[in-house]
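Hi,

Here is the structure I promised to pass on.

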Amino acid sequence: MRDVSALLFDKDGTLVDFDRTWGPACGAAMRALAGDDAAALARLQTVSHYLPAEGRFLHTSPLVSGSSAHYGPLWAQALGRPATPDFLAEIDDLFAREGLAFLTPIGRPQATLAHLGSAGFVLGIVTNDAEDSARRQAEALGILPLLAAVHGYDSGFGSKPGPGMVAAFGTRFGLAPHTMAVIGDSAHDLAAARGAGARFIAVRSGPAPIDDLLSEADLVVDSIDDLPRLLERERSSPERENAV
C-alpha cells in the first residue's frame with residue numbers, strides 16, 4: 001500500500017450510511033411510484049427485499065450494491081410499466097431528491113477526506129448511484145471540492161462490478177493501476193478494483209456482512225475515519241497490517 005497515491009471511494013455504505021439514508025429514501029420513492037396502489041407498493045417492497053415496518057433492506061436486496069440499471073427492470077415489472085430509459089431516469093430523480101433529504105454520513109467524511117487530500121492523495125468517488133445524485137450528496141457532505149472526479153453508473157464507464165469507472169479514473173489522471181485503491185463495502189467494489197488492477201480496502205461500515213472479502217483485501221478498516229492513521233502507518237512500514 002505504500003505506493004498508493006489515489007483513493008477511490010464507494011459511496012453508499014462507505015461514505016454514506018446505507019440504512020439511515022436509503023431505507024427511508026427508497027421507501028419514499030416506492031410510495032411515490034406506487035401512488036394509491038397498495039398492491040403495487042407491496043410488489044415493489046418484495047422485489048426490493050425491503051422491510052417496510054423497519055424501513056430498511058435485507059442485505060440480499062438488489063439495491064444494496066446495484067444501480068437502477070440492475071433493479072429498475074424489477075421495479076418496472078412490479079408496477080406494470082416498461083423498463084424504458086425514461087423510467088430509469090424517473091427512479092434516479094426520485095432517489096436523488098429523497099436520498100439528499102435523508103442523507104446521513106458515516107463518521108466525519110469531510111475531515112477525513114480533507115486530511116487525506118492534504119497528505120497528497122488524489123481522491124474520487126466510484127459509485128453505482130447516478131453521477132448527479134452522487135455529486136449532490138458529495139456537495140451536501142462538504143467533500144465535492146476535495147474530489148478529482150465522481151464516476152457514477154451513468155458516467156459512461158459502466159457500473160460495478162465492472163472495472164470501467166476505476167480504469168477511467170486512472171486513465172484520466174495518468175495513474176498506474178497499482179497506485180489506486182478502491183475503498184468499499186461489497187464484492188462489487190472488490191471486483192471493480194481487481195478488474196482494473198487496483199488495490200482494495202474493505203470497510204466494515206456497509207449493510208451486508210463482508211467476512212468473505214477480508215482475505216482478499218489489501219487493508220481492512222472499520223470506517224473511513226481509520227484511513228489517515230492506517231495509511232500513514234502503511235507508508236512507513238514494509239509490513240502489511242490490517243485493522244480488525
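The part to start with is the sheet: six strands, open, in the order β5-β4-β1-β6-β7-β8 and paired in parallel. Keep in mind that this is a predicted model. At the edges stand β5 (149-151) and β8, and each has a single partner strand, so one side of each has no neighbour in the sheet. On average, neighbouring strands are turned by 25° against each other, ignoring direction. At the β8 end, three bridges join that strand to β7, running parallel, and Ala-202 sits opposite Val-220 in β8.

Helix α7 (residues 164-173) lies across β1, β4, β5 and β6, and runs at about 155° to β5.

Now the packing. The largest nonpolar core has 28 residues, and those touching the most other members are Leu-7, Phe-9, Ile-201, Leu-227 and Leu-231. At least two core residues come from each of β1 (6-9), α5 (109-118), β4 (122-126), α6, β6 (180-184), β7 (199-203), β8 (219-221) and α9 (227-236). Another core, of 25 residues, lies apart from the largest one, with Ala-40, Trp-75, Leu-88 and Phe-95 among its members.

Is Ser-133 buried or exposed? It is buried, because its relative accessible area is 2%, under the 20% cut-off. Its side chain makes a polar contact with the side chain of Asp-129, at 2.8 Å. Beyond its neighbours within four places in sequence, Ser-133 is in contact with Trp-22 and Ala-96.

Cheers

Key: Residues numbered from 1 in each chain as written. Predicted model: local features only at pLDDT ≥ 70, side-chain atom pairs only at ≥ 80, totals over all residues. Heavy atoms only, no water. Buried < 20%, exposed > 50% of the residue type's maximum accessible area, 1.4 Å probe, protein only. Polar contact = N/O pair within 3.5 Å; in protein donor to acceptor, adjacent residues only side chain to side chain. Contact = heavy atoms within 4.5 Å. Core = buried A, V, L, I, M, F, W, Y, C linked by side-chain atoms within 4.5 Å. Helix = DSSP H or I, 4+ residues; strand = E, 2+ residues; numbered from the N terminus. Pairing = 2+ DSSP bridges. Axes fitted to C-alpha atoms, helices over the stretch in contact; angles between N-to-C directions.
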